[in-house]
Amino acid sequence: MADCIFCKIVQGEIPCAKIYEDDLVLSFLDINPINPGHTLVLPKNHYETLFEVDPETLEACILAAQKISEAVYRGVKAAGLNFLQNNFRAAGQLIEHVHFHLIPRYEKDGFLTSWPGREYAAGEMEKTRKKILAEL
Ligand code: 5GP
Ligand code: ZN
């Protein structure tokens with residue numbers, strides 16, 4: 001993808017603080033970290049969202065992310081770690097090249113400290129379950 005920042009990083013046209021690389025996967029530090037050590041893991045090939053990634057590449061990304069997560073967690077002496085992935089603008093995706101966030105966390109660091117859960121209306125949970133099952 002000619003105008004994709006992450007493809008340019010994969011091609012070496014834009015520099016990055018590299019953490020890990022293999023044939024399918026690249027990992028580097030996020031340029032605007034939530035906390036120092038915030039790391040991105042992505043397939044070298046361009047896929048826009050999680051939905052398009054082929055199984056072999058996805059497996060490679062997840063396994064790399066698992067290994068790198070622990071290194072991030074231990075390396076920056078975090079108290080916790082979020083494994084996040086955004087799909088589409090409505091979910092906060094800004095770079096349209098699928099990537100996983102590994103975010104080291106500390107008590108009271110101000111990020112995602114509460115989860116604004118709401119209750120289902122009567123019958124809504126079952127209706128929702130059926131809508132999902134119809135697509136599975
Ligand atoms: P998204 O919101 O798409 O899930 O996350 C995109 C992430 O990419 C953001 O956290 C942002 O800071 C990071 N980012 C955007 N441009 C660059 C860049 O050129 N280099 C690096 N290392 N990170 C970037
Ligand atoms: Zn790309």
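Helices (H or I, at least four residues) and strands (E, at least two) are DSSP runs, numbered from the N terminus. Cys-4 is found in the segment before helix 1. The structure is a predicted model, in which local features need pLDDT of at least 70 and side-chain atom pairs count only at pLDDT 80 or more, while totals for chains, interfaces and linings use all residues. Residues are numbered from 1 along each chain as its sequence is written, chains are lettered from A and ligands numbered from 1 in the order in which they are written, and side-chain values use heavy atoms, with hydrogens and water left out.

The protein has three helices and five strands, arranged from the N terminus on as α-β-β-β-α-β-β-α. Along the principal axes, the C-alpha atoms of the protein fill a box of roughly 50 × 35 × 25 Å. Of the 136 residues, 33% count as buried (buried means under 20% relative accessible area, exposed over 50%, and partly exposed in between, with a 1.4 Å probe and protein chains only).

The zinc ion (ligand 2) is coordinated at 2.1 to 2.3 Å by the SG atoms of Cys-4 and Cys-7 and the ND1 atoms of His-46 and His-97. Donors are N, O and S atoms within 2.8 Å of the metal (3.2 Å for Na, K and Ca); water is not among the atoms, so sites may look incomplete. The arrangement is tetrahedral because the four donor atoms subtend angles of 106 to 117 degrees at the zinc ion (ligand 2); four donors count as tetrahedral if all angles lie between 85 and 135 degrees. Ideal angles for four tetrahedral donors are 109.5 degrees. Along the chain, the donors of the zinc ion (ligand 2) follow the spacing C-x2-C-x38-H-x50-H. Distant parts of the chain are linked by the pair of Cys-4, in the segment before helix 1 (5-10), and His-97, in the loop between strand 4 (80-84) and strand 5 (100-105), 93 residues apart. Both Cys-4 and His-97 are buried, Cys-4 with a relative accessible area of 6%. The C-alpha atoms of Cys-4 and Asn-82 are separated by 25 Å, at 78 residues apart along the chain.

Around ligand 1 there are 16 residues, of which Asp-30, Gly-92, Leu-94, His-99 and His-101 come nearest (a residue is near a molecule if one of its heavy atoms lies within 4 Å of it). A nitrogen atom of ligand 1 lies 2.9 Å from a backbone N or O atom of Leu-29. On its own, ligand 1 has 530 Å² of accessible area, of which the protein covers 85% (Shrake-Rupley method with a 1.4 Å probe).

Three aromatic pairs are present in the structure. Phe-83 and Phe-100 form a stacked pair, 5.5 Å centre to centre with 15 degrees between the planes (rings of Phe, Tyr and Trp, its six-membered ring, pair if their centres lie within 6.5 Å, and planes under 30 degrees apart count as stacked). This pair links distant parts of the chain, with Phe-83 in strand 4 and Phe-100 in strand 5, 17 residues apart. Phe-83 counts as partly exposed at 43% relative accessibility, whereas Phe-100 counts as buried at 6%.

Note on methods
Tetrahedral: all angles 85-135°; square planar, octahedral: opposite > 155°, others 65-115°. Polar contact = N/O pair within 3.5 Å; in protein donor to acceptor, adjacent residues only side chain to side chain. Phe/Tyr/Trp six-rings, centres within 6.5 Å; stacked < 30°, edge-to-face > 60°.
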